[in-house]
Amino acid sequence: MMNKENEAWITFDLLEEEEVGDRLDRVLADRFEDLSRSKIAQAIKRGAVRVNGESVKPSSPVAYGDHVDLDRVFFMKEEIKPEAMDLDLVYEDEDLLVVNKKAGLIVHPSDQVRSGTLVNGLLYLQEKEGLTLSDVNGEERPGIVHRLDAQTSGLIIVAKNNSAHRILAQAFQDREVKKTYLALVEGDWPVEDFCVDLPIGRNPANPKKMAVVEGGKEAISTFSCLAHQPKASLLKVEIKTGRTHQIRVHLAHCHHPVVGDGVYGFRKQKIRTSHQMLHAWKVAFSHPRTGQWVSFEADPDPEFQQVLDKLGFPEAWKGSQCLNE
């Protein structure tokens, strides 16, 4: 339970890989999208933001595990309400959930979107079925250890307590979580295996987008071709880092954007889909309580499969090697 003193503050720990090393004002601007960086900088200077209990500068780089306190009056948001939702729970135990997220489902609320997110659905399970959720990442992101783009389907890990959350977050930070995706890309992929090791940062021409930029954060993606034809190719993708839009940016840089990607893809889509053809297929990690290596996988959604059927390689993904082999 919160006491009266900390009820006046919004608190969270910085445990997401993408935030570590970035400027404090930029991290907060990403979390509070309705506030400009200049307004956030003013709040920091006025003492409405504390990091590890201390006043800091807007330009201060954040470190993994930093504890952030925000003045609730300045950063007040509309309450996040529980919502009944048909969630595909692949696995559950006393420490974590593994959810097969539908394409189109936003992971957590933002200033513009306060309902219809995975978090709203998790809060409903918390209210109606007694599900526990970690709160180390703040009240806006209960249980959320990592994220997927809204239009990306597939597996996402949810922590049910703070101990599990911190251990899982450290595993992501240390690159000990194995993540494998399926990506359907435009055109005929020219090689069987290919590694892209190019830094990613904000697009200077459009800060809302990411791009391969000099001085960006390290980003490593490995692509293996499972099937191809002139119109499109199916790739298995393994990522060693977790940068925002990493797979989509790297593939666009290679001139083979993800089919259906409305941000980084071609203006004229040769294959029409309702969402981008990117699926978080497999995830494997050491269980936070037992240390045992566990792995999970989820088949691509029906629309993804229908597109593969039409292209002539309906089962190309089924024979691929498992993560823990």
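Q: How do the residues lining the largest cavity divide into nonpolar, polar and charged?
A: This is a predicted model, where local features need pLDDT of at least 70, side-chain atom pairs count only at pLDDT 80 or more, and totals for chains, interfaces and linings use all residues. Residues are numbered from 1 along each chain as its sequence is written, and side-chain values use heavy atoms, with hydrogens and water left out. A cavity here is a set of points on a 1 Å grid over the protein atoms alone where a 1.4 Å probe fits but cannot get out, and lining residues have an atom within 4 Å of a point. Ala, Val, Leu, Ile, Met, Phe, Trp, Tyr, Cys and Pro count as nonpolar, Asp, Glu, Lys and Arg as charged, and the others, Gly among them, as polar, and the lining comes out as 4 nonpolar, 3 polar and 5 charged.

Q: What is the volume of the largest cavity?
A: Its lining includes I10, F12, R31, F32 and K77, along with the run N137, G138, E139, E140 and R141. Volume means the space filled by probe spheres set on the grid points, which are joined across faces, edges and corners. For the largest cavity that gives about 90 Å³.

Q: Which strands each supply at least two residues of the lining of the second largest cavity?
A: This cavity has a volume of about 50 Å³, and K179, T180, Y181, A280, K282 and V283 are among its lining residues. By class, the lining has 5 nonpolar, 2 polar and 2 charged residues. Strands are DSSP runs (E, at least two residues), numbered from the N terminus, and the two in question are β7 (178–186) and β13 (278–286).

Q: What is the mean pLDDT of the protein chain?
A: pLDDT is the predictor's confidence in each residue, from 0 to 100. In this chain 96% of residues reach 70 or more, and the mean is 93.

Note on methods:
On a 1 Å grid over the protein atoms alone, a cavity is a set of points where a 1.4 Å probe fits but cannot get out, and a pocket is an open set with protein on both sides within 12 Å along at least five of seven lines; lining residues have an atom within 4 Å of a point. Helices (H or I, at least four residues) and strands (E, at least two) are DSSP runs, numbered from the N terminus.
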